[in-house]
Amino acid sequence: MFKTLILIDNDFIDYSLDLIDVANKLAADLPSEVYGLTINGKLNKNITGVDYLIHVEIPPYKTRDSRIITDVIELIQDEYIFDSILILATDFGRMIAPRLAMRLKVGLVADITDVVVDDQGRKLIRPAYSGNMLASIVCESSPIMASIHPNVFHFDKDNKTPKLIDFKIKNLKSSTIKVISESEDNKDKDIRDVDVLIAAGGGFKNELSQLYPLSEKLNGAIAVSKQLVDENRAEMKIQVGQSGKTVSPSLYVALGIYGAIHHIEGLNNVKNIISVNTDINAPMNHLADIVVVGDAVEFLNKMNKKMKKSTSK
């Protein structure tokens, strides 16, 4: 029996359940069981598809402490002895995964994009050398540990109701984190959840604010390549790519984006791509349904004018 534990992020339940696909690929032809772990999740009825759902209740402020969450998962691993542990690569997940791997004295493969099981064993695939190649890593330690970007894998929802396990923890360590104040974040649209993305790369030299009129007209959002984040022109939360977010819009407008593998890794099942670039040989052009050879800023200005005229009629 191949047993997998998935840490369910209460803010990203659907993305967490997509990791069932990873669990199934790791199990290959072996009989398998998939366990979900929810911490203070109030037994959310949206959690389906796993065989078992382990529910742990701890003081709310302790859920912000990655060391406490690591303690919880270690205790559960000691009890159930999982063959693999999968963690969503959110900001918080990235703090938990390496800490847990050190605690369990196993390796961690971060940001995987595929799983292959063959005669050589279970291989986790991830980008390497700044996304210029893919590395196949054979995992011989147990449990296999991996972190996975949201929206990279997909599991078709089913209505299988998991068996509930209420896991009681006694003598949980004290947290060194003190909550001084709390405020609610005014969240913008998550670029993973929109159908239209207007994305800018190094070839877009003007202010990013010029992208908003077109994105608003199309009820979409703006995104950027890694280069603009490195240049401090944009925040990482809107970065597309292997070190950013994986997106699946119906329309992706790439303005001045060259299309390095690092960026392409962030595009998953995009239905239509429009690429605007002065370099006709840019890799993004080979992926695009429509290619415009020209200046990205000039293209955007003309599109904004055309959209303005069409709405004023």
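## Strand pairing and nonpolar cores in a predicted model

The side chain of Thr38 reaches that of Asn10 in a polar contact of 3.2 Å, a value that, like the others in this report, comes from a predicted model. Thr38 belongs to strand S2, which covers residues 32-39, and because its relative accessibility is 0%, Thr38 counts as buried, the cut-off being under 20%. Beyond residues up to four places away in sequence, Thr38 touches Asn10, Ile47, Leu53, Ile54, His55 and Val56.

The largest nonpolar core holds 38 residues, and the members that touch the most others in it are Leu197, Phe204, Leu208, Leu211, Tyr252, Leu255 and Leu267. Two or more residues of this core come from each of strands S10 (196-200), S11 (221-224), S12 (251-255) and S13 (272-277), and likewise from each of helices H6 (226-230) and H9 (296-312). Apart from this core lies another, made up of 29 residues that include Ile47, Leu88, Leu124 and Val152.

Strand S10 is mostly covered, with five of its five residues buried. Val196, Ile198 and Ala200 point one way from S10, whereas Leu197 and Ala199 point the other way, and all of them are buried. S10 runs parallel to S12, to which five bridges join it, and Val196 has Leu251 of S12 as its bridge partner. S10 also pairs with S11 in the parallel sense, here over four bridges, with Ala199 of S10 and Ala223 of S11 as bridge partners.

Strands S5, S6 and S7 form an open sheet in the order S5-S6-S7, with antiparallel pairing. The edge strands are S5 and S7, each of which pairs on one side only, and the twist from one strand to the next averages 30°. Helix H2 (residues 20-27) packs on this sheet, where it touches S5 and S6, and the direction of H2 makes about 15° with that of S5.

Strand S6 (residues 121-128) has six of its eight residues buried, so S6 is largely enclosed by the rest of the structure. Strand S5 (residues 114-118) and S6 form a hairpin with two residues between them. Within S6, Leu124 is the bridge partner of Val115, and Leu124 is also among the members of the 29-residue core. Towards S7 (residues 133-138), Arg126 has Ala135 as its bridge partner, while Ile125 stands opposite Ser136.

| Strand pair | Sense | Bridges |
|---|---|---|
| S10 and S12 | parallel | five bridges |
| S10 and S11 | parallel | four bridges |
| S5 and S6 | antiparallel | five bridges |
| S6 and S7 | antiparallel | six bridges |

Terms used:
Residues are numbered from 1 along each chain as its sequence is written. This is a predicted model: local features need pLDDT of at least 70, side-chain atom pairs count only at pLDDT 80 or more; totals for chains, interfaces and linings use all residues. Side-chain values use heavy atoms; hydrogens and water are left out. A nonpolar core is a set of buried Ala, Val, Leu, Ile, Met, Phe, Trp, Tyr and Cys residues joined through side-chain atoms within 4.5 Å. Buried means under 20% relative accessible area, exposed over 50%, partly exposed in between (1.4 Å probe, protein chains only). Two strands pair if DSSP finds at least two bridges between them. A polar contact is a pair of N or O atoms within 3.5 Å; within protein, one must be able to donate a hydrogen and the other to accept it, and residues adjacent in sequence count only if both atoms are side-chain atoms. Contact means heavy atoms within 4.5 Å. Axes are lines fitted to C-alpha atoms, for helices over the stretch in contact, and angles run from 0 to 180 degrees between N-to-C directions.
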